[in-house]
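Colleague: I would like to learn how to read salt bridges in a protein model. Could you take me through some cases?

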Amino acid sequence: MLTRDAALEWIERWDRQQEGYLPDREERFTALIDAVEAAGRPDPLVIDLGCGPGSLSARLLERLPGATVVAVDADPLLLGLGRAAYPHIRFVSLDLRVPGWTGSLDLDGPADVAVSTTALHWVSGPELQKMYAELATVLRPGGLLLNGDHLETDDTTPAIARLERAVHDRETERAFAGGRPEDWRQWWDAVAADPAFTELHAARTTAGADHHGSESPRLSVHVDALRDSGFTEIGTLWQRGHNRLLCAVHPGPNRPAVRRRHLAP
């Protein structure tokens, strides 16, 4: 049986291996949550897209305890970790690539913000546009999408793209001069060897949740998909090399604040 303490230990280990690819991961988390806070609501309704084990959701609720977070992912094992570690977060098993996913969110009114970190590059271009278009149907006018990810500039600016990667690579080399943490594959191999995850690992294999390369790493793919989905203002709020926080605004004026019932986990 997976206990809460064990789940928290595995998530801590997950965070460390993720930092091997993102040495400024916590800084990006902070910038993203700053933007959620600056949007003006003390009790925002937030959708976490591709939430993994809930690292971003947990940090957001530490800063904004009045928020309601609906955390979405398709990976049974990562969702199992999140549910065991963070019982106050509502985790929902959904594949963002399958049309109609918003109908299973059970939102009590439009969401104020959708957030994501190191997840949406797994979605292919055509599926990405459909996903953003569907997301737009559940965001309030003036609501935000905040997407933190490695998003590279186009081939039309090859020198800038090369420099962005170089900045990231040099920062990573400085951060881990004494040795790199375990990588993504090593973490998954360790999980597979732990008997506590036997059922969740089997469910993951059946769900086809494994990844095989980045589908949409280009910034322009996301910007075009967002614009085609009706988002208006689109820009980068924070950046370090090609690691950036992309923001998109749903069109329309902000509506007066409304009271919402609490969504139980």
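Colleague: Is Glu-37 buried, partly exposed or exposed?

Modeller: This is a predicted model. In it, Glu-37 has a relative accessible area of 37%, and because buried would require under 20% and exposed over 50%, Glu-37 counts as partly exposed.

Colleague: Which side chain does Glu-37 meet in a salt bridge?

Modeller: Side chains of opposite charge can pair when their charged atoms come close. Here Glu-37 meets Arg-63, with 2.8 Å from N to O. Arg-63 is partly exposed, at 29% relative accessibility.

Colleague: Which residue forms a salt bridge with Arg-244?

Modeller: Glu-164 does, and the closest N and O atoms are 3.2 Å apart. Arg-244 sits in strand β7 (residues 243-249) and Glu-164 in helix α6 (residues 158-175), so this pair links distant parts of the chain, 80 residues apart. Arg-244 is buried, with a relative accessible area of 3%, and Glu-164 is buried too, at 9%.

Colleague: Which residues are linked in a network of salt bridges?

Modeller: Asp-15, Arg-25, Glu-26 and Arg-59 are linked in this way. Within that group, Arg-59 forms a salt bridge with Asp-15, their closest N and O atoms lying 3.2 Å apart. Arg-59 is in helix α3 (residues 55-63) and Asp-15 in helix α1 (residues 4-19), 44 residues apart. Both Arg-59 and Asp-15 are buried.

Colleague: How many salt bridges does the count come to?

Modeller: The count is 21 salt bridges.

Methods. Residues are numbered from 1 along each chain as its sequence is written. This is a predicted model: local features need pLDDT of at least 70, side-chain atom pairs count only at pLDDT 80 or more; totals for chains, interfaces and linings use all residues. Side-chain values use heavy atoms; hydrogens and water are left out. A salt bridge is a side-chain nitrogen of Lys or Arg within 4 Å of a carboxyl oxygen of Asp or Glu. Helices (H or I, at least four residues) and strands (E, at least two) are DSSP runs, numbered from the N terminus. Buried means under 20% relative accessible area, exposed over 50%, partly exposed in between (1.4 Å probe, protein chains only).
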